[in-house]
Amino acid sequence: MADGLFAVVSFIVSVIISTIIIYFVTKLFGEKEGIKQAFIAAIIGAIVYTVVYFLVGTGWIAAIVGGIVWLLALRALYSIGWLKALVIAVIVWIAATIVGILLPTAPGPL
């Protein structure tokens, strides 16, 4: 039971942190959408990676497939092109990695 509760709390915390990171990164690129769009992007990212890793397993193929699907979500949510979505995604990934290193309270990536 404690493991399940820890997983739920970790998921909620990671989505909140991802939402904040996505929000600030997209603002840096001049996007007008608010925190709601960032939250939706964070939820979609979490769901996409969970499903892809479940179906494909871990590794480069899963990361690439999950990344492409998340880029599609970013493009649709923010009405941006491939290059801008890619740059935003890379910066979000770097920021999330740094935050994950600084706040090692839960296993796995944000």
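**Note on helix H4 and its surroundings**

1. The buried residues of H4 are Ala85, Ile88, Ala89, Val92 and Ala96. Viewed down the axis of H4, these buried residues fall within an arc of 100°, so they line one face of the helix. An α-helix has 3.6 residues a turn, so residues three or four places apart point the same way. Keep in mind that this is a predicted model.

2. Now the helix as a whole. H4 covers residues 82-102, which is 21 residues. From its first C-alpha to its last, H4 reaches 30 Å. That is close to the 30 Å expected at 1.5 Å a residue.

3. What does the other side of H4 carry? The face turned away from the buried side has the exposed residues Leu83, Ile101 and Leu102.

4. Next, the core. The largest nonpolar core has 19 residues. Ile22, Leu74, Tyr78 and Val92 have the most contacts inside it. Helices H1 (2-28), H2 (35-56), H3 (60-78) and H4 each give two or more residues to this core. In soluble globular proteins, nonpolar side chains tend to be buried together.

5. Leaving aside residues up to four places away in sequence, Val92 touches Ile21, Ile22, Val25 and Trp70.

6. Finally, check the loop between H3 and H4, where Ser79 is found. Ser79 has a positive phi of about 50°, although it is not a glycine. Is Ser79 buried or exposed? Ser79 is exposed, with a relative accessible area of 65%.

Technical notes
Residues are numbered from 1 along each chain as its sequence is written. This is a predicted model: local features need pLDDT of at least 70, side-chain atom pairs count only at pLDDT 80 or more; totals for chains, interfaces and linings use all residues. Side-chain values use heavy atoms; hydrogens and water are left out. Helices (H or I, at least four residues) and strands (E, at least two) are DSSP runs, numbered from the N terminus. The expected span of a helix is 1.5 Å times one less than its number of residues. Buried means under 20% relative accessible area, exposed over 50%, partly exposed in between (1.4 Å probe, protein chains only). The arc is that of the directions from the helix axis to the C-beta atoms. A nonpolar core is a set of buried Ala, Val, Leu, Ile, Met, Phe, Trp, Tyr and Cys residues joined through side-chain atoms within 4.5 Å. Contact means heavy atoms within 4.5 Å.
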